[in-house]
Amino acid sequence: MSTRQTYPLHIGPTHPAFKEPIQFNFEIEGEKVITCDIEFGYTHRAVEHIARERNFIQILYLLERICGICSVSHPMAYCLAVEQAAEIEVPPRAKYIRTIIGELERLHSHLLWTGVAAHEIGFDTLFLYTWNIREKVLDCLEAITGNRINYGILTIGGVRRDITPDLFPVLQETLDYYYDVFERAREIILDNMSVQLRCKNVGVLSREDALAYCAVGPTARASGIPKDVRVDYPVNAYPDIEWLKPVSPLDAGREPRGDVYDRMIVRVLEIRQSIDIIHFCMDNMPDGPVDIEPKATKMISALKKKQGEGIGRYEAPRGEVSHYDILDNREGPLLMKVKAPTYSNGITWLKMFNNVEIADIPIVIASIDPCVACADRMSFVDAGGRRSVLTSTDLHKMSVEKQKRIGK
Amino acid sequence: MALHHEEIISRLKNEFGDEILGLNVIERTEGVLRKRDQRSIVISVTRRVFHRAVLFLKTMGTLHIACPMASREFDDFLELTYPFTLFSGEGDFNEIPVIMKVLLPEDDLSIRTVTDILPGILFMERETMEMLGVVIEDIPDPRRLFTHSNLPDDFKPLREDQLEPEDDSQEIKY
C-alpha cells in the first residue's frame, strides 16, 4: 500500500492573484503540486453569440470590451479578418497608425504585467515603480485616442482618427521618456537578486511541451520557439521593418529554459522593441487618408454585398489573438469566432505546475499574463476533513516568508 | 528543410487524391515600403481521411494551432474548420497556414479527436463539443469547457436553430 498522501487545494474562482475568475484544483503533496486541473467559464459572456445580433461596426466596440488591456488587439484581429474576407485594402497611413497604437498597448501591457509579477513575489516597490512609469504611455494614448483604454480608434478599412502633426511631439516625448528609463527599469527588474531567486527554474515549460501544447506569444518565445505573428505573418507596418525579429532570452545572454524568468526577460526586452517600432513608424509615416470610408452606414452597406471567409491574426501583448469571420450578405458576420492568447496558453499551466511549491503558484499563474481576475477566496482541506481558508493576505505572507527564507 | 506551399499541396494531392473535396490558396500582399506575399492553403477533406491527413501534415513540419476552430451550418451538414499552421522553424520561421475543413452529416455529428497528434487542441475540441453538439470520439477529457453544468445536455448554444432556450425549463438554476 502506498504511503503517499496528497491533499486537494482549490484556488479560485475569484482570487487577488487573478485578473479574471478561474478555478484551479491542485493535488498537493507536502508543499509540492502533483497535479493540476483548470475550470474555465466563470466569466464567459457569450460574445460570439451577442455578435450575431450586431452589425459590422457595432461589433468593434463589443470586441474592445473582451479585454481592457488588449482593447486594440481584438478589434485589430477582427478588422483584419473582415478586410481579408471582403478584400479591402487599408490605406498605408492607417497601417502605420494601427501599428503605433498596437505597440503603445504592448508597452503598457508589459509594464502592467511586470508590476503584477513583482507583486506576486512580494516585491511591491517594483510593482509601484513599473505602474508609475506606465502612466506616461497611458497619458500618450489618451492624447492620441481620447481614452486610456478602449480607444475606439480602429474601424474596418482604416482608423477613425489621424495622428496629427501636433500629436507627434507628445509621442516623441513619451518615447524619449522610455528611452531614458528603460535601462534603469531593465536593471531593477532583471538584475535584482530577489526576482532571480523567485523566478529562475520555476514554472518551467520545455520547448517540446510549448510546441505540443501550442503555446503562443512571450510564453512560447521564452521556451525557445521563435514564433511571433509580427514576423511570421506580418500585417500593418510590420512587413516594412527589416530588423524585426522575435525576442528571445538569448538576447539577454541566457539560454532559453522556459521558466518564469525567461518570460520576464522576453517581456522586458519587448518593451524596448516596441519603443523602436514606434520610432520607425514615426520616421516613415506615409501621407494620405486614414480610412477608405468614414461613414459607418456606407461601410455596412458595402460589406453586406460581400461573401467570403477571413482569418485575422495579430500578435497581442499576451500572444496571438485570432478571429475567424464569415461574410454572407448580411449586415454583420454570419459567424465570428474569437481565440484569445490565454485560451492557447492556459493548457500549458498543466505542465508548468509540475513540482511547483504552493508559494510559487501565484507567480506561475501570472507568468503567462493571463486574463484572470480579482477577489479573495482560497480554501485548503486537510486530510482529516477540517477546512480552513487562506486569504490573500495569508497567501501573500507565505510568498514573503519564502522570499526571506531563500534570501538569507 | 524549408516548406513551400506548392510542395505541401502536391504531397497532399498525391497522398489523398479523390478524398480531397476542395483545395485553394488564399493570397494577399501586405506591407507599404516592402511588399510581402502571404499565402494560406485551404483544403477540404472527407471525414474518413481527416485524422490521417492531420497526421500527414505533421510529417511535413511542426504542426500548431493558434487560430479558433470555426463552423458553418448548411442544410444537411456541418462544416468544421481547423486552422492549423505548419512551420519548419528555419530562417524566417517559415510558417504556412493550412486551414483544413471537414464536412459532418447532420444525422451523425461525430469526428475523431486529433489530441493524440496535437495535444494543444484539447480546449478547442471540448468547446466544439459543448457549443455545437459534435461528438469528438476518443477525446481524453470530454467535460464542458465554458458552459454551466446545469444547462441541459442537448442545449448547444452556438447552433443556429438553438440560439435561445426554448422554454423556462432550460433556464439556468443557481
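1. Contact between the chains. In this predicted model, 40 residues of chain A are in contact with 31 residues of chain B. On the chain A side, α1 (47-51), α4, α8 (207-212), α10 (229-232), β6 (307-316), β7, β8 and α13 each supply at least two of the residues that touch chain B. By residue type, that side of chain A divides into 23 nonpolar, eight polar and nine charged.

2. Chain B overall. Chain B has three helices and eight strands. Along the sequence these elements follow the pattern α-β-β-α-β-β-β-β-β-α-β. Chain B has 174 residues, of which 32% count as buried. Of the contacts in chain B with a separation of 6 or more, 53% are between residues 24 or more positions apart.

3. Helix α3 of chain B. How many of the eleven residues of helix α3 (residues 122-132) of chain B are buried? Ten of them are, so the helix is largely enclosed by the rest of the structure. The buried residues are B:Leu122, B:Phe123, B:Met124, B:Glu125, B:Arg126, B:Glu127, B:Thr128, B:Met129, B:Glu130 and B:Met131. Just after α3(B), B:Gly133 has a positive phi of about 80°.

4. The sheet of chain A. Strands β6, β7 and β8 of chain A form an open sheet of three strands in the order β6-β7-β8, with antiparallel pairing. At the edges stand β6 and β8 of chain A, each with a single partner strand, so one side of each is left without a neighbour in the sheet. On average, and with direction ignored, neighbouring strands of this sheet are turned by 10° against each other. Between β7(A) and β8(A), which run antiparallel, there are five bridges. A:Tyr324 has A:Lys337 in β8(A) as its bridge partner. Helix α3(A) packs on the sheet and touches β6, β7 and β8 of chain A; the direction of α3(A) makes about 150° with that of β6(A).

5. A:Gly310. This residue is found in strand β6 of chain A. Is A:Gly310 buried or exposed? A:Gly310 has 24 other C-beta atoms within 10 Å, and a residue with 20 or more counts as buried, so A:Gly310 is buried. Leaving aside neighbours within four places in sequence, A:Gly310 is in contact with A:Ala81, A:Val82, A:Gln84, A:Ala85 and A:Asp325. A:Gln84 is 226 residues from A:Gly310 in sequence, yet the two are 5.2 Å apart in space, C-alpha to C-alpha.

6. Helices α5 and α6 of chain A. The axes of α5 (residues 124-145) and α6 (residues 168-190) of chain A come within 11 Å and cross at roughly 165°. That angle makes α5(A) roughly antiparallel to α6(A). The crossing of α5(A) past α6(A) is left-handed. From α5(A), the contact is made by A:Leu126, A:Tyr129, A:Ile133, A:Lys136, A:Val137, A:Cys140 and A:Ala143. From α6(A), it is made by A:Val170, A:Leu171, A:Thr174, A:Tyr177, A:Val181, A:Ala185, A:Ile188 and A:Ile189. The residues of this contact divide into 13 nonpolar, one polar and one charged. An α-helix has 3.6 residues a turn, so residues three or four places apart point the same way.

7. Most residues other than glycine have a negative phi. A:Glu87 has a positive phi of about 55° although it is not a glycine. A:Glu87 lies in the loop between α3 (73-86) and α4 (92-120) of chain A. A:Asn329, also not a glycine, has a positive phi near 50°. A:Asn329 is found in the loop between β7 (319-328) and β8 (335-339) of chain A.

Terms used. Residues numbered from 1 in each chain as written. Chains lettered and ligands numbered in written order. Predicted model: local features only at pLDDT ≥ 70, side-chain atom pairs only at ≥ 80, totals over all residues. Buried ≥ 20, exposed ≤ 12 C-beta atoms within 10 Å, placed from the backbone. Helix = DSSP H or I, 4+ residues; strand = E, 2+ residues; numbered from the N terminus. Contact = placed C-beta atoms within 7 Å. Nonpolar A, V, L, I, M, F, W, Y, C, P; charged D, E, K, R; others polar. Axes fitted to C-alpha atoms, helices over the stretch in contact; angles between N-to-C directions. Parallel < 35°, antiparallel > 145°, perpendicular 65-115°, else oblique. Left-handed = near helix turned anticlockwise from the far one by under 90°. Pairing = 2+ DSSP bridges.
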